[in-house]
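Welcome, and thanks for stopping by.

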Amino acid sequence: MNWRVWLPLMLFALFLGVAAYQLTQPKDDVVTSGMIGQELPYFELPPAHSENPGVTTADLRDGKPRLLNIWASWCLPCIAEAPQLEALKEQGAEIVGIAIRDDPEDVAQFLARHGNPYTRIGRDDLSEVQLGIGSSGVPETFVIDGNGVITYQHIGDIRADDVPVLLEKLREAGA
Amino acid sequence: MIAELGHAALWMAAALAVLQLVAGALGIRDGEREGIAILSRPAAILQGALAAFAFAALLWVFAITDLSVKLVAANSHSMKPMIFKLSGAWGNHEGSMLLWVTVMALAGALIAAVERRLPERTMQATLAAQGFVALGFYAFLLLSSNPFERLPIPAAEGQGLNPLLQDIGLAFHPPTLYFGYVGLSVAFSFAVGAMLTRAVTPDFARAMRPWVLGAWVLLTLGITAGSYWAYYELGWGGWWFWDPVENASLMPWLAATALLHSVSVLASRDALRVWTIMLGVIAFSMSMLGTFLVRSGVLTSVHAFAVDPERGSFILALLAIYIGGALLLFALRANSISEGERFSVASREGALVFNNVMLSAILAVVLLGTLYPLLTEAFDVRVSVGPPYFNPVSAIFALPMLAVMAVGPLLRWRRDSFGRISKELALIAAIIVAGLIFFALFEGVAILPLLGLALAIALGVASFLPLRGRNLRRLPVSVWGMVMAHFGIAVALFGMASESAFSNEKLAALEVGQSTQVGPWEVTLDGIEPVAGPNWTAIEGRMLASYKGGEPSEIAPQSRNFWAPPQQTTESVLLTRWNGQLYAVMGSEADDGRWQLRLWWKPFVTLIWYGGVLMALGGVLAIIGRVRRDLKRRSIRRKIEVRRADMEELR
């Protein structure tokens with residue numbers, strides 16, 4: 001008896017299980033990070049782009065609430081959310097970016113192509129900061145209040161409907 | 001009335017599929033041509049006719065824009081050009097499922113009408129499997145997505161078609177892929193039939209081969225066209241994004257490519273029996289899996305047009321029944337199928353097995369990358385897998401595969417030695433080394449494109465080596481097919497590597513009258529004009545592009561606004577020269593009155609798609625060669641029978 005012939009069936013059963021589970025799960029984007037309400041971990045990231053400075057924890061503790069956008073030039077949904085980030089910037093939000101596992105050349109190309117809404121862009125080559133703040137994918141956007149505390153997390157790309165929500169959360173964080 | 005007739009035809013076709021299943025099942029049990037089993041073939045033929053009628057009825061209600069039919073009201077518009085009215089019939093979930101089942105029924109009818117090589121029991125089992133698969137789709141259509149559903153009150157006007165989909169290429173792109181998937185469903189049915197009746201023979205492989213080849217040709221064309229569509233329509237300048245939907249079409253292609261080669265080994269050498277059966281099941285699984293991923297919305301994609309979790313559950317259930325059933329059957333029967341003829345490592349079979357393993361590995365890499373987000377999401381971890389994973393990891397397997405592909409066709413069947421072809425090996429190695437050195441002289445060429453360029457040239461030369469020393473006029477057509485398909489891969493590979501090694505990109509903000517440089521091109525913005533089409537208005541940028549200071553050509557990319565439904569799209573312009581393409585995209589107006597332009601110069605990028613077309617042509621040649629040889633064999637057999645009958649009479 002050759003057990004290997006059962007392998008495809010077992011792998012397929014595993015896939016079926018996962019897919020069936022996923023289908024029954026409601027599609028929600030509000031899985032909150034355990035870091036909400038906590039202070040940012042300490043980090044110092046070098047700049048990912050020649051025109052923007054890098055990011056350190058101290059930059060996010062100067063009293064002004066900001067959006068912290070986790071993205072990457074290789075991520076397709078990030079292209080989709082670029083116009084919304086522009087819209088947020090136009091409505092007065094200050095956006096700090098962290099580029100995940102990225103290459104400065106690709107970052108420059110991406111920004112040239114899709115616009116640069118960021119005041120600062122840090123370079124997180126090993127996803128250390130990403131993991132540290134409880135983000136598990138790109139793109140994600142966090143609201144950081146003036147004291148460096150995470151107050152809100154948006155998972156996935158920002159759609160047009162999400163813009164007012166994020167602005168509201170920023171306003172709350174500023175109060 | 002027409003809609004109701006179509007609906008009725010569908011029900012009758014479904015009933016015939018049941019008959020096909022029952023007749024086949026009884027045929028397997030009793031092992032005789034007696035009784036109900038004899039109805040298998042007529043049932044399959046009639047089922048094909050009825051499904052075709054139902055699809056014709058759907059085309060008709062779309063052609064006359066019958067707005068009392070829900071599907072027409074939701075997807076069409078009286079103002080649309082006729083060709084897009086017709087393509088609207090399958091440009092939606094219900095219609096595309098009907099198209100799928102129609103083509104599947106027609107394929108079943110065709111094998112029922114012409115396939116006489118296999119034992120009748122195997123044929124009945126195959127038709128039963130085909131009927132069983134079709135039945136699932138009929139159930140899907142009739143129970144959860146009836147394309148002929150009427151509205152209680154006819155709509156005043158249709159709701160249009162997604163303007164991004166209002167494109168001639170896209171009107172024919174999904175059906176091409178569908179036809180390919182259906183070809184694989186026939187291969188699947190053959191595999192199941194052969195497993196059920198334990199008749200995995202070279203005859204079975206010969207019966208299956210044209211369907212695999214046909215499916216492979218259509219998938220190749222479908223992927224090539226889809227990639228070109230994404231390239232010029234999305235306006236992002238890329239030609240492959242490793243998007244789940246693209247992967248969904250690539251995975252069946254990889255499996256079909258492996259199957260195509262293994263079925264050839266089985267047909268001519270009676271080896272690789274289990275492997276061929278397995279790939280037959282996998283290939284169709286991949287096409288159903290692709291359909292599931294695209295339609296269910298479990299993965300986010302730029303291409304997700306028709307997402308619905310309920311339909312996803314239905315497809316998943318079908319997937320569980322068919323693929324789960326086939327894999328179970330495989331597990332039960334695989335041990336009783338012997339491996340067939342033996343061969344040594346240094347042989348044509350050896351090379352084919354190596355490449356089949358590599359293809360399967362690439363398939364596994366793509367499958368894992370595509371499903372990984374799904375898997376991790378189950379543990380509340382969301383990830384996005386992109387090119388940094390797919391490119392290098394698939395290259396690990398693709399590069400050795402391409403190298404072996406250059407050598408494989410030079411080897412003899414069964415047993416050979418590399419010493420016999422040492423001259424050719426040295427030539428191929430020399431070209432690779434020379435290519436590596438030559439292209440390394442250019443600045444900034446990354447390692448993967450560099451290897452790709454060198455391998456492409458070596459493979460291009462090597463693909464013609466099997467012709468050496470043979471009488472070209474007497475060479476079988478199928479060998480020409482192989483040569484052309486392999487050369488097509490070399491051509492496409494060169495295009496891909498060149499695009500990623502030598503592309504130039506420029507984002508410029510120009511005032512009217514200003515110009516900018518990209519690669520060897522100088523582009524001048526001559527003017528900005530508003531233009532209007534049948535259902536859109538656009539801003540058109542009139543530009544003059546001159547290649548190395550030569551005579552300028554006029555180009556006019558547009559940024560279009562559709563109004564039904566409202567949506568903005570870019571109409572990029574491609575200016576093709578023999579050595580590459582200028583790609584121009586019109587952006588929006590900046591605050592200071594300058595206009596944003598995106599320009600690319602992509603050397604040899606067109607070779608990607610020419611290569612794809614060459615591959616498909618090679619596949620067509622192979623089909624012609626195989627079918628012609630089959631017909632010849634059949635007519636000889638008939639002549640022998642006639643002569644034998646004459647002899648009997650004389651006695």
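Visitor: In what order do the five strands of the open sheet in chain A come?
Guide: This is a predicted model, in which local features need pLDDT of at least 70, side-chain atom pairs count only at pLDDT 80 or more, and totals for chains, interfaces and linings use all residues. Residues are numbered from 1 along each chain as its sequence is written, with chains lettered from A and ligands numbered from 1 in the order written. Strands here are DSSP runs of E, at least two residues, numbered from the N terminus, and two of them pair if DSSP finds at least two bridges between them. With mixed pairing, the order in chain A is β5-β4-β3-β6-β7.

Visitor: Which strands of chain A stand at the edges?
Guide: Look for strands with a single partner strand, so that one side of each is left without a neighbour in the sheet. In chain A these are β5 (118-124) and β7 (150-155).

Visitor: Which residue of β4(A) is the bridge partner of A:Asn69?
Guide: Strands β3 (residues 66-71) and β4 (residues 95-100) of chain A pair in the parallel sense over five bridges. In β4(A), the partner of A:Asn69 is A:Gly97.

Visitor: Which helix gives the largest share of the side of chain A that touches chain B?
Guide: Counting residues whose C-beta atoms, placed from the backbone, lie within 7 Å, the contact takes 28 residues from chain A and 35 residues from chain B. Helices are DSSP runs of H or I, at least four residues. The largest share of chain A's side, 11 residues, comes from α1(A).

How values were computed:
Two residues are in contact if their C-beta atoms, placed from the backbone, lie within 7 Å.
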